[in-house]
Amino acid sequence: MTTSERSADPASDPATEPSTGPSTGPFADVVAGNRLHAESYDQRGLHPRAAKGLALLTCMDSRIDPLGMLGLAPGDAKILRNAGARVTDDVLRTLVLASYLLGVERFMVVAHTGCRMAADSEHDVHAAVRDAGGPDTRSLAFLTTTDQDAAVRADVQRVQSWPYLGRVRVGGFVYDLETGLLRPVC
Ligand SMILES: [Zn+2]
């Protein structure tokens, strides 16, 4: 509701105006960026259904631009992200909604080169968190893998075999951060 109200009259809150809202604190830079974004915002009216019938799971890695990577635009696809692009229970839950309510008919699992979740062991990541001043995280499964392609295949198979998602076509890929190219895995 707030978004539609704001987008209904973006000129009422110009980017050049000093902040009149609550303190933006550690988010000052991105809130300022948002004001610039809103000046040329033209995505009003996009349909919530995925225009390309696509959902994509990729890593949270900040080097990845999920839409740009696939030549897509806002409105085209549902984007799911987590550490390592692993198919978790939450990914499955989200896909059920995306499939039946949001027009998703195909789903890509996209891992990437240089992913720490495919470079370090579970033990190493727990130790790294501890070394960074964090708590003992050994009760958490970070879902690291020593065989990235095998993990992608297993995750694709998990989606394919999930009874709620029988009508979704699934593919697995690895995105190369050096070339920008996708490598099909399965
Ligand atoms: Zn990653």
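The largest nonpolar core of this predicted model comprises 33 residues, and Ala55, Leu57, Val109, Val110 and Ala111 have the most contacts inside it. Two or more core residues come from each of strand S1 (54-59), strand S2 (77-82), helix H4 (89-101), strand S3 (106-112), helix H6 (148-160) and strand S4 (169-175). Such a core is a set of buried Ala, Val, Leu, Ile, Met, Phe, Trp, Tyr and Cys residues joined through C-beta atoms within 7 Å; buried means that 20 or more other C-beta atoms lie within 10 Å of a residue's own, with C-beta atoms placed from the backbone. Helices (H or I, at least four residues) and strands (E, at least two) are DSSP runs, numbered from the N terminus. Residues are numbered from 1 along each chain as its sequence is written. Because the model is predicted, local features need pLDDT of at least 70 and side-chain atom pairs count only at pLDDT 80 or more, while totals for chains, interfaces and linings use all residues.

Turning to the sheet, five strands form an open, mixed arrangement in the order S2-S1-S3-S4-S5, where pairing requires that DSSP finds at least two bridges between two strands. S2 and strand S5 (182-184) are the edge strands, each pairing on one side only.

What surrounds S1? Six of its six residues are buried, so S1 is largely enclosed by the rest of the structure. S1 runs parallel to S2, joined by six bridges, and also pairs with S3 in the parallel sense over five bridges. Ala55 stands opposite Lys78 in S2 and opposite Phe107 in S3, while Leu56 has Ile79 of S2 as its bridge partner.

How values were computed: A residue is buried if 20 or more other C-beta atoms lie within 10 Å of its own, exposed if 12 or fewer, and partly exposed in between; C-beta atoms are placed from the backbone.
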